Every structure is written in structure tokens, then in C-alpha cells.
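Subject: Structure handover

Hi,

Here is the structure I promised you. Please open it alongside this note, and my findings follow below.

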Amino acid sequence: MRLSPAVRVSRYFMPTMRHDPSEAQIVSHRLMLRAGMIRQESAGIYSWLPLGFRVLKKIEQIVREEQDRIGAHEILMPTIQSADLWKKSGRYDDYGKEMLRIEDRHEREMLYGPTNEEMITSIFGDHAKSYKNVPLMMYHIQWKFRDEIRPRFGIMRGREFLMKDGYSFDLDAESGRKSYNKQFLAYLRTYARMGLKAIPMAADTGPIGGDLSHEFIILAETGESEVFCDKALLEFDLTKTAIDMDDADAVQAMVDKVTGPYAATDEQHDQTAFEAEVPEDRRVTARGIEVGHIFFFGDKYSKPFDAKLTTADGEQVLVQSGSYGVGVSRLLGGIIEASHDESGIIWPESVAPFKVALINLRQGDEGCDGVCEDLYAKFQEAGVEVIYDDRDDRAGVKFSDMDLIGVPWQVIVGPKGVKGGFVELKNRKTGDREELPADAALAKLA
Ligand code: ATP
Ligand code: MG
Ligand code: MG
Ligand code: MG
């Protein structure tokens, strides 16, 4: 999806707030409201305003690219599902009050999907019949609804939220594990590209057992779960190691390496094992945010849906599946929790709503306007996403708004610079500033 390459603040809808809104308890919620990214419509239900929408789409795109890279196919299933599907798996009753149940005009029971295992298994089972159809992975990025008891922290625990949910289909458990491993590494890459350190932690597999479930957790003081891990995991950088995703042994070795050191959420934590395995100076006890969860569940859904495949020997076997979720909208909050300062958000370039904020310190001054308009056009030609603060407002307002919305680079144009033939370039993250000719700033950012 192509986002508009450039906007003028004077004609944009970016309702920033000077003061902290009283309803927000944590920094990411506060900053998203102050930056005019979201607006609450009901408890846990939000509108995404232009700036928030841009970041949401950037995050979604990174998730998409990493799914496509491992050969998963994108589809789109509906938000509204028939209760029949869920009765078949037995989850219609199990899901309880978190499920939003709806009745249509014909008094048919429907629901707003909280996840899609049933639907995808029924789609797959209807059409795929043979070993030749697998291995297969499909995913979609779609709104979910869960009627959370306590929606809070803004989009972090919403009731309506955007999730990527992927599903794998394999002939046997061994092949299923390979699909799981590919997703596992794709997840590490996905989060790393957003500037996040997400630690895979062993998670509860429920009645199915096995070791194939991991939650991906980012550390943050405001996280809802308590987590325990080996410091080594914080130092690990997967993006520095190239790996051939088709080489199953290499993939397995990498998964083993990352899952070797101790890591567990409170539900799985074993203090004795933690102390035995991890030397005291490497023990990390912290709070974490669950930004993803992957799970291999074998024939849990293929059984009720009778999704069978014919093997090469003509035998009928139940398809082996896994599901792979990423909290796309929750990630906005997670990234802000991990990257901000007292002035506002600091977006990593990969998900920033714009790369450059062009700040005109004296709107209406012929020289300043000329340099800004020229740069605004040239950034667009160079394919650099730019937000141009062309408001007839005080410099202080522009500085604080642009710091607040966290665009990685600021190009500041004032009368003194125009006279001397330079602009000022400021890095939002480091605060470093330099003066250089406009063309040089352009070359540096293009
Ligand atoms: P949580 O433990 O936070 O309630 P979950 O374990 O119920 O999450 P999963 O069913 O594993 O969630 O869904 C996959 C991902 O969707 C989660 O890892 C999380 O990032 C995201 N997610 C789940 N519930 C919400 C929510 N209410 N608001 C925003 N994102 C959510
Ligand atoms: Mg939940
Ligand atoms: Mg959970
Ligand atoms: Mg989970």
C-alpha cells in the first residue's frame, strides 16, 4: 500500500495536545493521544487518525514482507464468522465472555472473530486433499475483537485490535516443526526490523503438550507479565546472521541457539531451574509485553473439521497445523514504550510516519518559504517521505510538535541560515545538530 509521500501540516489532520491527557496511565498511550494518532470511540475501540494510520501501515508492511519471505501466502478472511464453525471445534462455549456474539436478522448466531483457526482449517480442508498441497502457510492481517474484561493502556489492550494470524499445514509433525521454525525466525526478523528486541519465551502448550509454543516478549516496565531470562538473549542480534530458510538443519540450529538460554514468563517460570542454569550476574527479572505468540497444535482443529490429506502411499492422515499471531496494533505501543524521551516519541526509521520533518521557522518570509518549497519538492522527487511544518505559528510550537511526533530527522530552515546558505539538520534520537547547505542535507537524507 502506498502512503502519501508528503504532507503540509497546515492542511493535515494532526490534533496534537500540549498537556497529558488524564485518562492515560502509561507513556505510549499518553504519547499516542498527545501526538493525535488515535482517538477512543468506546472502551478499547479506537479510530486511527492520519499519523497513527501511517505507522500502523508501516508495521503491517514489515510483518507482511517477513511472512512473504518465508513463503506464506496472504489472504483475507472476514471479521464476522458463523457460530457453527466454533461449535464444531467446541470453542463456542469455551471462549466465554471474551467473544462478541451477534445475531443477524434471520436469528442466525454470528460472532466477531477473536482468531481464525476454525475458519482457516475449514477453508483448507474443503480444498486441499493431497500431500501435494503441503507444506503450506497462509496468513491474514485483520481486525479482531475480544471483549476484554479490562481494556486498557490504549491500543495495547484493546477490544478491537489488528492481528496478523498465520497458519501452517503439513503432512506430519516433523514437517510441521519445520514450518514452526521458519515462523520462529521470521518473527525474530520482524521485530528486529522495528528496532525491538523481542525475546522468545517458552509458553504453555495446554493439553497438547510438546515444546512448540513461544511467546515473543519485549521488555518494558509497563508490561503485564513478569518475565525471567538469561541476559545473553538481550545481546543476541539475529539480523547480523544470514540464514538460508530452505536449509532446515541451519534453521533448526538457529532456533536451538535462541531457545537454549533460559527464558520464561511467570506462568512457566521455574525459579530453581533459573538459578541452576543462569549465573546470578546474568539473571534478568523484568516486565514484558507479549507482541506475538506461535503455537504448533497438530491435529487439534483438523480432527473436528476432518481435514485429511492423502499421503503418497494412499493413506488418509489428519493435517498437522500451527498458528502464528502478531499483535500488529499492540506493536505501536510496544515500540513507543521502548523508544521515547521526555519530549515525545522517537520512531525507528523503519516504522516512522515520515522520515523528515521540514520546519519553516518564518513562514511568509520570502527566503525561508523559497528554500522550504524547493526542499519539499526535492524530497518528494527523491522518494523521501516528508512532513512540512508550514504553519503560521511560533518556532517553539513547531519544535515541540515535531519532537512529539518523533520523526527521525528535522530539517530546520530559518532566516539566518537562508542568508548564510545553510539549513540545520537535527537527529531526533541523538539530538545532534549540524549546519550544512540545503543540497547537502538533501543528499544526506535521500
Ligand atoms: P494477552 O496475553 O495479552 O491477553 P493473548 O495471549 O490472549 O494476549 P494471543 O491469542 O496469543 O493473545 O494473540 C496473538 C497476539 O495478539 C498477542 O501476542 C498480542 O500481541 C495480540 N493481542 C492479543 N490480545 C490483544 C488485545 N486485547 N489488544 C491488542 N493486541 C492483542
Ligand atoms: Mg488474552
Ligand atoms: Mg497471553
Ligand atoms: Mg498469547
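Start with strands β20 (residues 356-360) and β22 (residues 409-413), which pair in the parallel sense over five bridges. Within that pairing, Val356 stands opposite Trp409 of β22. Bear in mind that this is a predicted model.

**The sheet**

Both strands belong to an open sheet of six. Its order is β1-β21-β20-β22-β23-β24, and the pairing is mixed. The edges are β1 (6-8) and β24 (433-436). Each has a single partner strand, so one side of each is left without a neighbour in the sheet. From one strand to the next, the twist averages 20°.

Two helices to look at here:

- Helix α13 (residues 395-405) packs on the sheet and touches β20, β21 (386-389) and β22. Its direction makes about 175° with that of β20.
- Helix α15 (residues 438-445) lies across β20, β22, β23 (423-427) and β24. It runs at about 30° to β23.

**The core**

The largest nonpolar core has 115 residues. Ile59, Val407, Val411 and Val413 have the most contacts inside it. Helix α6 (residues 173-193) gives the most to this core, with seven residues.

What does Val413 touch? Leaving out residues up to four places away in sequence, the list is Ile359, Asn360, Leu361, Cys368, Val371, Cys372, Val418 and Val423.

**Helix α5**

Helix α5 covers residues 117-127. Its buried residues are Glu117, Glu118, Met119, Ile120, Thr121, Ser122 and Phe124. Their cover includes β5 (80-82), α3 (83-89), β8 (136-145), β9, α10 (302-305) and β17.

**Around ligand 1**

There are 14 residues around ligand 1. Phe161, His293, Gly325, Gly327 and Arg330 come nearest. The elements that give two or more residues to this shell are β9 (160-170), β14 (283-298), β17 (320-327) and α11 (328-338). Which of them gives the most? That is β14, with four residues. By type, the shell divides into three nonpolar, six polar and five charged residues.

Best wishes

Key: Residues numbered from 1 in each chain as written. Chains lettered and ligands numbered in written order. Predicted model: local features only at pLDDT ≥ 70, side-chain atom pairs only at ≥ 80, totals over all residues. Near = placed C-beta within 6 Å. Nonpolar A, V, L, I, M, F, W, Y, C, P; charged D, E, K, R; others polar. Buried ≥ 20, exposed ≤ 12 C-beta atoms within 10 Å, placed from the backbone. Contact = placed C-beta atoms within 7 Å. Core = buried A, V, L, I, M, F, W, Y, C linked by C-beta atoms within 7 Å. Pairing = 2+ DSSP bridges. Axes fitted to C-alpha atoms, helices over the stretch in contact; angles between N-to-C directions.
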